[in-house]
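User: Could you take me through the model shown below, one question at a time?

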Amino acid sequence: MDGIIDVHAHLGKVIYGYPPLTVEKLLSFMDAHDIEWSVILPLVHPEEEDYYYTTEQALADCALHADRLIPFANIDPRRSSNDGAYDFCPVLKEYADQGCRGCGEFLCNLPTNDARMKGIYRACGQLGWPVVFDFRWQRTSGVLDPVGMPWLEECLLEFPETVFVGHGPAWWAEISADVTDEDKSGYPEGPVAPGGSIDRLLGQYPNLHADLSAGSGLNAFRRDVAYAREFVLKHAGKLMFGTDRFVREEDPEMIRVLREMALPADVEYAVFRGNAERMLGL
Ligand SMILES: [Zn+2]
């Protein structure tokens, strides 16, 4: 098959004391794992990192390898004294004209339905862009949504033209119907109770997708591989492979987990490539 698309990758120096993720290192990692394209997500929210990796840096890095790297834009919803009325469209449109194909990931510690965040969803809907979230709960970084993801659901209804891409601990803990506040801020173990909120929301809202990246995605699948296989089959048109290598340079174990599920060929293709291709307009 055509190479894998990683919809959740990072570059640059972001955490003090760790070596920067360079373009050269990323390309050799991609070559080693049959990853043809990587989406580069800038990191610009002060809650999460010691350094920023800006949209301008992503555009510059991706321009040198336009056949392998796809830039996203990112922005802080609190900029320009945004009181909820700020129009993000002109600034994001400039980034779109320069080659960006989406927005995120959002790590600001604001509720999903904060009026300042809604300005971003509105602009991304106008641009036809997906928005990528790292959902957290009872933490000091990441976008906040309580048990059941009610604030996300409010926004899915309010912005039907905007594609929302879920990821992160407070998202993946919701795979299980018995999720607790504590689960949402960690990596819960044990069998999944069917009927979790993300199962319902992915089934109900065409504008909701998810990426499988990071320890949170891996944990959600490994805690109950049999349920995870059913989840992938059910939401085969909504799930996208991603890595989220951030400060460590571990191998993408999710590739092995997915392959061991022995999924039908069309489902495997959709998750590794087809859904991302469609979302990115490749
Ligand atoms: Zn990330």
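**Aromatic pairs and the zinc site**

Analyst: In this predicted model, W137 has a relative accessibility of 15%, and because buried means under 20%, W137 counts as buried.

User: Which kind of aromatic pair do F106 and F133 form?

Analyst: F106 lies in strand β4 and F133 in strand β5 (residues 130-133), 27 residues apart, so that the pair links distant parts of the chain. Both residues are buried. Their rings are 6.4 Å centre to centre with 40 degrees between the planes, and the pair is tilted.

User: And which kind do W137 and W151 form?

Analyst: W137 lies in the loop between β6 (135-136) and β7 (143-144), whereas W151 belongs to helix α5 (residues 150-158), so the pair ties together parts that are 14 residues apart in sequence. The ring centres are 6.0 Å apart and the planes stand at 70 degrees; because planes over 60 degrees apart fall in this class, the pair is edge-to-face.

User: What is the site of the zinc ion like, judged by the angles among its four donor atoms?

Analyst: The protein donors are H8 (NE2), H10 (NE2), E105 (OE) and D244 (OD), lying 1.9 to 2.2 Å from the zinc ion. The angles among the four donor atoms run from 82 to 169 degrees, and the site is irregular.

Definitions and conventions: Residues are numbered from 1 along each chain as its sequence is written. This is a predicted model: local features need pLDDT of at least 70, side-chain atom pairs count only at pLDDT 80 or more; totals for chains, interfaces and linings use all residues. Side-chain values use heavy atoms; hydrogens and water are left out. Donors are N, O and S atoms within 2.8 Å of the metal (3.2 Å for Na, K and Ca); water is not among the atoms, so sites may look incomplete. Four donors count as tetrahedral if all angles lie between 85 and 135 degrees; four count as square planar and six as octahedral if opposite donors are over 155 degrees apart and all others between 65 and 115; anything else is irregular. Rings of Phe, Tyr and Trp (its six-membered ring) pair if their centres lie within 6.5 Å; planes under 30 degrees apart count as stacked, over 60 as edge-to-face and the rest as tilted. Helices (H or I, at least four residues) and strands (E, at least two) are DSSP runs, numbered from the N terminus. Buried means under 20% relative accessible area, exposed over 50%, partly exposed in between (1.4 Å probe, protein chains only).
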